[in-house]
Amino acid sequence: MSAPVLDELDRRIVHALHIDGRAPFSRIAPVLGVSDQTVARRYRGLRSTGSLRVVGLPNARRLGWVEWFVRIQVTPDAAVPVADALARRPDTSWVCLTSGGTQIVCVTRARSPHERDALLLGQLPRTPRVTGVTAHCLLRVFAGGPSGWHGRADSLAPEQAAALAPEPPHEPRGRVVLREGDEQLLATLARDGRTTYPEIARATGWSEMTARRRLAHLREQGALFFDVDIDPLLLGFETLAILWLTVHPARLRRTAEALAAHPEVAFAAATTGPTNLLVFAVCRDVDALYDYLERGIGTLPGIRELESAPVIRNSKRVGAAQMPGQ
């Protein structure tokens, strides 16, 4: 039986939160033509079931951190517990099992070479029933991250989207340095991106005004962004696949930018390694995935090779670990 999908109002709320995850319901409601209470009730209903979350996430590049895409080979009996353990780490995202159930893939953020080595050279290789680990550095993210997944944002008219758009981040001027209290701020927003300012103040020890100003500053500097973590099934997408592309270096940027505009692409990044472009594709079903590979990916020039693997279980999407059974 197919999973239920969101109705049109719910989809418009998702689109509004995609534009600004911290937009007050009182700002969203008039754009959608409904009451504040209706928007709040719909959002809380979805969030209470774990179907939708707004999460606040650090922009690794602005903070001088490095992101790695990790492929972990495990014995079948270890796949779920190892994936769930990775999902509980605050430095991971996109933790999932691919076809066969013996490969875990995830993205991890390393603040320093020490953190990178501790996970990739220390913890993972010594984990029981882990039989292999490969890691590739994310060189440039073209889709996902601060830009989000555009495939879920198709319900508002352009003028409605413009009415909700926040001020864009400032042009980067060097790295942003975290200060005392920022770690608690980021941890709080990773759990719930719509956490209230009084709650942030309690977590950080700041005043409410300081919490408001610091959050706004990190956002203005592009060091903090908000994303919508939603079960793709609720949008009618049943198939998630990871694609590894080998693209001619001279065409890498153009190919990546073209892919980033595809509604099927939730994430795309240039990487190190034997393949140089990583893509997370979200499709209606396996037939739609085939069509996308043939008519979407296949029409792009410069692609030499393609490896694909469907995702069979999500342990963590974006920045929030999934609850058991979700």
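Before I start, a word on classes: Ala, Val, Leu, Ile, Met, Phe, Trp, Tyr, Cys and Pro count here as nonpolar, Asp, Glu, Lys and Arg as charged, and the others, Gly among them, as polar. With that in hand, let me turn to the structure on the screen, which is a predicted model, and begin with the space inside it.

A search of the whole structure turns up 1 cavity of 30 Å³ or more, and the largest cavity holds about 40 Å³ of space. Which residues line the largest cavity? The lining is made up of F69, H136, W244, T271, T272, T275, L277 and L278, and when these are sorted by class they give 4 nonpolar, 4 polar and no charged residues.

F69, W94, W244, F267 and F280 form one aromatic cluster, and in the model as a whole the count comes to 7 aromatic pairs. One of these is the pair of F69 and F280, which is edge-to-face, with 6.3 Å from centre to centre and 85° between the planes. F69 lies in strand 2, residues 66–74, and F280 lies in strand 9, residues 277–283, so the pair ties together parts that are 211 residues apart in sequence. Are these two residues buried or exposed? F69 is buried, and F280 is buried as well.

The charged end of R22 sits over the ring of Y197, at 4.8 Å from the ring's centre, while R194 lies over the face of F25, at 4.3 Å from the ring centre.

That brings me to the salt bridges, of which the count comes to 16. In one of them the side chains of R111 and E183 meet, at 2.4 Å from N to O. This pair links distant parts of the chain, with R111 in the loop between strand 4 (103–110) and helix 6 (113–126), and E183 in helix 8, residues 182–191, the two being 72 residues apart. Why do we call R111 partly exposed? Partly exposed covers the range between buried, under 20% relative accessible area, and exposed, over 50%, so R111, at 36% relative accessibility, counts as partly exposed. E183, with a relative accessible area of 37%, is partly exposed too.

The salt bridge between the side chains of D182 and R214, at 2.6 Å from N to O, is another to look at. Because D182 lies in helix 8 and R214 in helix 10, residues 208–220, this pair ties together parts that are 32 residues apart in sequence. Here D182 is buried, with a relative accessible area of 0%, and R214, at 8% relative accessibility, also counts as buried.

How far apart are the closest N and O atoms in the salt bridge of R317 with D229? They are 2.7 Å apart, and the pair links distant parts of the chain, R317 being in strand 10, residues 303–317, and D229 in strand 6, residues 224–230, 88 residues apart. R317 is buried, and D229 is buried too. Finally, salt bridges that share partners join D7, D10 and R42 into one network.

Note on methods. Residues are numbered from 1 along each chain as its sequence is written. This is a predicted model: local features need pLDDT of at least 70, side-chain atom pairs count only at pLDDT 80 or more; totals for chains, interfaces and linings use all residues. Side-chain values use heavy atoms; hydrogens and water are left out. Rings of Phe, Tyr and Trp (its six-membered ring) pair if their centres lie within 6.5 Å; planes under 30 degrees apart count as stacked, over 60 as edge-to-face and the rest as tilted. Helices (H or I, at least four residues) and strands (E, at least two) are DSSP runs, numbered from the N terminus. Buried means under 20% relative accessible area, exposed over 50%, partly exposed in between (1.4 Å probe, protein chains only). A charge sits over a ring if NZ of Lys or CZ of Arg is within 6 Å of the ring centre and within 35 degrees of the ring normal. On a 1 Å grid over the protein atoms alone, a cavity is a set of points where a 1.4 Å probe fits but cannot get out, and a pocket is an open set with protein on both sides within 12 Å along at least five of seven lines; lining residues have an atom within 4 Å of a point. Grid points are joined across faces, edges and corners, and a volume is the space filled by probe spheres set on the points. A salt bridge is a side-chain nitrogen of Lys or Arg within 4 Å of a carboxyl oxygen of Asp or Glu.
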